[in-house]
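Here is a short briefing on a few local features and annotated spans. Look at the structure first, then read the points below.

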Amino acid sequence: MRNNSFKEHIICNVITLNRSAFPAAQGEHLHQKMSENGALPLRGKVLTVDTMNANVKKVDYAVRGPIVQRAVQIEKELKEGVKKPFEEVIKANIGDAHAMGQRPITFFRQVMALCTYPQLLDDNKFPEDAKNRARRILQSCGGNSIGAYTTSQGIDCVRHDVANYIQRRDGGIPSDPDNIYLTTGASDGIVTILKLLTAGEGRTRTGVMISIPQYPLYSASIAELGAVQINYYLNEEKCWSLDISELQRSLQAAREHCDPRVLCIINPGNPTGQVQSRQCIEDVIRFAVKENLFLMADEVYQDNVYAEGCEFHSFKKVLFEMGPEYSSKVELASFHSTSKCYMGECGFRGGYMEVINMDPEVKAQLTKLVSVRLCPPAPGQALMDLVVNSPQPGEPSYQTFIKERTDVLSALAEKAKLTEEILNTVPGISCNPVQGAMYSFPRITLPERAINEAKAKGQAPDMFYCMKLLEETGICLVPGSGFGQREGTYHFRMTILPPTDKLKIMLNKLKEFHQKFTQQYS
Amino acid sequence: TLPPPQPPKNPILYILHVCSVISRFTPEILRKGIHGDTMTENGCEYRERVLTMDTMNPNVKRVEYAVRGPIVQRAVQIERELKMGIKKPFTEVIRANIGDCHAMGQKPITFFRQVLALCSYPDLLEDGKFPEDAKSRARRILQACGGGSLGAYSTSQGIEMIRQDIARYIERRDGGITCDPDNIYLSTGASDAIVTMLKLLVSGEGMSRTGVMISIPQYPLYSATLAELGAVQISYYLDEDNCWSLDISELRRALQEAKKHCSPRALCIINPGNPTGQVQSRQCIEGVIRFAAAEKLFLMADEVYQDNVYADGCKFHSFKKVLFEMGLEYSEKVELASFHSTSKCYMGECGFRGGYMEVVNLDPEVKVQLTKLVSVRLCPPVPGQALLDVVVNPPQPDEPSYDTFIKERTDTLATLAEKANMTQEILNQVPGIKCNPVQGAMYTFPRIHLPPKAILEAKEKEQTPDMFYCMKLLEETGICLVPGSGFGQRDGTYHFRMTILPPKEKLKIVLAKIKEFHQHFMAQYS
């Protein structure tokens, strides 16, 4: 799957740079590395791919993999005036709303500016509710500065606000601020919990169940920790839904060689865009209880639900509504973030997790573990606070806030629909409805000859397809192989984030490319 | 029926609230017992927790981080008790445990915060109140952000323009030695980058397991990370009698011993020193580099206190600079990663978690792996990146914010120098406390003499003697320090780490209280 030519390119680049920095030295340097009989180097590097952490080598993260690196290169080439059959690269590879032109929520940014430069509190240009929020946040910061470390678990008042938010969201089911941990984006929380759970050796090594297709943070973290990845496949024919029988199958198979202890769910789904039904969540919870699994619920797209009849149900809520038999037993960590939903504030790296039924001693260990990194970024914590404590009816910013939020979410809903519709008109592309999240994950039929040519190049067939698409149209997608897919099927992930007009152009280009590609290779 | 999570402000209501919260959990605790496992009626376990102390990651259990350890947790508790109106022999807790400047009252640099406010809310660019240089910095940063927003992901290595600015800053700092922006990686505070480099370095099993040399005393991020990664910690001791300097012979001793049971591959240096406050001489740095070259060690230079040098005759020398001035024989060979941060120096912007590392002579294939590894976490916080950009690219002499900036920076550093001096002088007046000069960084690490009776009592309580001392100090005076045992120290010696950050007047009171406490403690236990 690795793009060798690209890797070589990078290496060449680095060597060239070294050369230009020390022109005279290069020959001598090479000479010095050889002993007199020309055999072993006198001083090889301490850190080489042979001597480095073997788990890190196994890490793969397609969302920022070779195709994105090529896209960055192409952008540079365009800037340098190199002629291409397109004028700009469209990065539909990553859920980066602001980069695609989405405007930040005014209220959030006003409060952030006030927290950053409190002299602005005397400026009557800012609405009172923004000033109040900023004052409240600053009062809970050390020395009233967002530049102070916070407690490692996150600012007290922010955790209280998060707990209140969860309680409202879940129809009054209580949330304890002591169970909230603020994080550096949701990724950080997910990796921390996986780290706690990884133990044992050989057949007792922790196994982690993840959906296929999955968001590659999971496979990457599992590889880095040396845990065992257990794949369960989502059902593409049923709109990427989750089958309990498939969970059962994959668990049984995994028990032969590891100790399955965790089940990860992404809802709404990334990259597959499905929204789980309440029924399905209940079944998952029953399964987790029966099989003694720790549940991890990645719910960062909780506001991104578009399809009619679909509704977001948090695992926490369903768990508690199933009664104490479940709610007092199942260990659950659920994750949220400032990066998605209607905010799309990825750069601030704000997030939180809520842990339920965690062993108190383990919780003490978790608190200790997060303390080593001191604290999550304070601006991200402040932003998280605003997300969970947004303007209320009667406050001056309420109307604008609601309008901005609604506009973003309805534009996303429209684009979700548009994407599905246009892609499904292309022969050889078939795409499930984008019920939620920010991505479409259509299946593409690739001609035999294209598959053979890809294999000859040592590329996954969908990587070959996406690379060609990028070179010919400037559209940057991520091949399905980066997320995992059933053998012999091919997909790509595309965000629905470009502005509607651009999205239309992009979808049409994609259509045209696919037809041409199919023709060329059949 | 449950109380709302927000506790009431009235003290009596607060106590009621706490009671109700406790009662909420009591039945469960009674039912489940300490281990939380439930039994069915016939005595068969029907469900244990998945994640328990016995089944969790054993490396995590070994992690310790004293700077935020039990003493700090007790300090937080005491603060709550004070708020509830419980009487104590003091009225506030003074946290001298952590290098958190703003929490201790240091004001942020105006220019930095103006630029960040402009980046956060670009409508302010239309505002006549902001100086032009702040606006032009903000515009430049926003132009380098996706969609002109701080809210977009950046490239995983960090915004390219900022990496270029850092490279130029390093070149200026190091007298023109070239720096390649491709060798710069922005990070979430320096800690993040240190952990990432250690992660890359750790491999092998048994005798071939990576060993990492760290100073004792050390900043516990290192020991904690090595424990988490399951690497072997190799301790080399700094020479307290020579102002915590580093002896090459001690490095050699530690290395020889370690070679018997692991594969030593990295040498970590903190300069200026944390917790010990020494500033390494150029001579010493050269010695370390020669040692690393001879012994094939990867060098990690933690230089986050590079602007915090106070003592006369002391100067900060970066490892990169010294390495390149030693000639090609070294500069082409020694692999080096050096670290910097927005959290210390005169900025003290800890909350933004800004930082960077520069890698030198890193194997190109490993560099590809490093870039891949950092991409999994998407990117360092963009506000922290923006802040770092203004740190390495501050106002210039012809710009409107220059004078204010220089004044603010000079004031902060001059005050710190004064406090460093004062701390050393006052502590050295106390019989039984002996303290090296605070040449740099933000801490003093005095040695304390403890009477045998106190040591015995501590041992009975299963506390290290300096933990026992610091805990007592906290309970009696409200001063929160970190015991030396959290950083490591020679057997049979005892220390504490104290920051020099409280405002001067408060620092004087803190020092006077410590003096009084120590005398009282000595009298009590002798």
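**Helix pair in chain B**

Helix 9 of chain B passes helix 10 of chain B in a right-handed crossing. The model is a predicted one.

- Helix 9 of chain B spans residues 248-258, and helix 10 of chain B spans residues 282-295.
- Their axes come within 10 Å and cross at roughly 25°.
- Angles under 35 degrees count as roughly parallel, and helix 9 of chain B and helix 10 of chain B are therefore roughly parallel to each other.
- From helix 9 of chain B, the contact takes in B:I248, B:L251, B:R252, B:L255 and B:Q256.
- From helix 10 of chain B, it takes in B:G287, B:V288, B:F291 and B:E295.
- By class, the residues of this contact are five nonpolar, two polar and two charged.

**Three-stranded sheet in chain B**

- Chain B has an open sheet of three strands in the order 12-16-15, with antiparallel pairing.
- Strand 12 (443-444) and strand 15 (482-483) of chain B stand at the edges.
- Each of these two has a single partner strand, so one side of each is left without a neighbour in the sheet.
- Strand 15 of chain B runs antiparallel to strand 16 (residues 496-499) of chain B, and two bridges join them.
- Which residue of strand 16 of chain B is the bridge partner of B:P483? The partner is B:F496.

**Three-stranded sheet in chain A**

- Chain A has an open sheet of three strands in the order 10-14-13, with antiparallel pairing.
- Its edge strands are strand 10 (439-440) and strand 13 (478-479) of chain A, and each pairs on one side only.
- Two bridges link strand 13 of chain A to strand 14 (residues 492-495) of chain A in the antiparallel sense.

**Annotated domains**

- In chain A, the UniProt annotation "domain: Aminotransferase class I/classII large" covers residues 110-508, and it comes from an unreviewed entry.
- Residues 110-508 of chain A are 43% helix and 15% strand, and the end C-alpha atoms of the span lie 38 Å apart.
- In chain B, the UniProt annotation "domain: Aminotransferase class I/classII large" covers residues 118-514, again from an unreviewed entry.
- Residues 118-514 of chain B are 43% helix and 15% strand, with the end C-alpha atoms 44 Å apart.

Technical notes
Residues numbered from 1 in each chain as written. Chains lettered and ligands numbered in written order. Predicted model: local features only at pLDDT ≥ 70, side-chain atom pairs only at ≥ 80, totals over all residues. Heavy atoms only, no water. Axes fitted to C-alpha atoms, helices over the stretch in contact; angles between N-to-C directions. Helix = DSSP H or I, 4+ residues; strand = E, 2+ residues; numbered from the N terminus. Parallel < 35°, antiparallel > 145°, perpendicular 65-115°, else oblique. Left-handed = near helix turned anticlockwise from the far one by under 90°. Contact = heavy atoms within 4.5 Å. Nonpolar A, V, L, I, M, F, W, Y, C, P; charged D, E, K, R; others polar. Pairing = 2+ DSSP bridges. UniProt positions renumbered as here; feature names shortened; annotations may be inferred.
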